[in-house]
Amino acid sequence: MYIDSHCHINFPELKSNIDNVLSNMEKKRISNALCVSVELDSFPEVLAMAEGYDHIYASVGVHPDYEDIREPSVDELVKIAADHQKVVAIGETGLDYFRLKGDLTWQRDRFRNHIRAAKEAKLPLIIHTRQAQDDTIQIMSEEGANQTRGVMHCFTESYEMAKQALDLDFYISFSGIITFKNAEDLRETAKKIPLDRILIETDSPYLAPVPNRGKMNEPSNVVYVAEKIAELHNCSVDKVAEQTSKNFFDLFHRCQLN
């Protein structure tokens with residue numbers, strides 16, 4: 001069995017076809033999926049997905065790319081997590097210096113609030129980082145993110161950053177990007193990450209892996225990510241499926257309560 005550790009099946013592209021999405025998961029032996037929050041106004045849709053299906057879980061948080069929207073306070077994030085047992089993580093949060101420029105103090109402040117909320121809620125973090133290596137690691141270190149643990153989702157940065165995250169007791173999650181022709185550096189990084197610290201994800205509806213690149217992505221495609229990890233680690237895909245599923249439940253400890 002496989003687990004998609006990061007998807008957005010509440011987004012309209014997948015929500016409108018949710019029966020087929022869930023059916024395809026079953027056909028490909030995807031046992032669970034984590035539906036990840038990107039902003040608070042749509043969080044009820046994320047929660048509804050998790051509470052409507054036993055094998056779907058939720059997170060709560062605000063993506064670093066979303067400007068000029070309702071900012072989450074530490075107290076609000078903690079309360080939501082406390083009120084809903086299907087909420088298993090805080091995020092996605094982090095820093096993105098690729099899409100946004102200028103004074104990004106607000107982004108760093110938001111990131112810090114998510115880390116503080118995760119520590120108070122005793123839940124792991126889901127971190128998005130893009131072209132912000134130094135500041136991401138610095139804030140994680142300053143705020144004590146190692147106390148919560150978490151995952152660097154859809155990782156595309158350097159091995160040096162991956163190593164720093166591993167040292168903070170974080171997992172590294174790979175998406176369909178690892179199958180792309182131009183992702184050789186990322187594949188070299190994936191080879192160096194111990195299998196017991198790897199998660200797999202789709203980030204669907206985006207980033208469909210080869211052989212479905214260019215099409216709408218969905219959780220069933222996480223199998224192709226697992227196959228590539230197996231190739232890189234010179235092991236069976238069943239071993240990748242088993243280990244990454246164990247990693248998922250080790251990290252997202254609240255999932256075992258459901």
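Trainee: With which residues is Ser-245 in contact, leaving aside its neighbours within four places in sequence?

Mentor: This is a predicted model, in which local features need pLDDT of at least 70, side-chain atom pairs count only at pLDDT 80 or more, and totals for chains, interfaces and linings use all residues. Residues are numbered from 1 along each chain as its sequence is written, and side-chain values use heavy atoms, without hydrogens and water. Contact means heavy atoms within 4.5 Å. With those sequence neighbours set aside, the residues that Ser-245 contacts are Met-1, Tyr-2 and Ile-3.

Trainee: Is Ser-245 buried or exposed?

Mentor: Buried means under 20% relative accessible area, exposed over 50%, and partly exposed in between (1.4 Å probe, protein chains only). Because its relative accessibility is 12%, Ser-245 counts as buried.

Trainee: Which helix holds Ser-245?

Mentor: Helices (H or I, at least four residues) and strands (E, at least two) are DSSP runs, numbered from the N terminus. Residues 237-251 form the helix in which Ser-245 lies, namely α10.

Trainee: Which are the edge strands of the open sheet?

Mentor: Two strands pair if DSSP finds at least two bridges between them. The open sheet has eight strands with parallel pairing, in the order β1-β2-β3-β4-β5-β6-β7-β8. Strands that each pair on one side only are the edge strands, β1 (2-7) and β8 (198-200).

Trainee: Which residue in β7 stands opposite Val-151?

Mentor: Strands β6 (residues 150-152) and β7 (residues 170-174) run parallel and are joined by three bridges. Opposite Val-151 stands Tyr-171.
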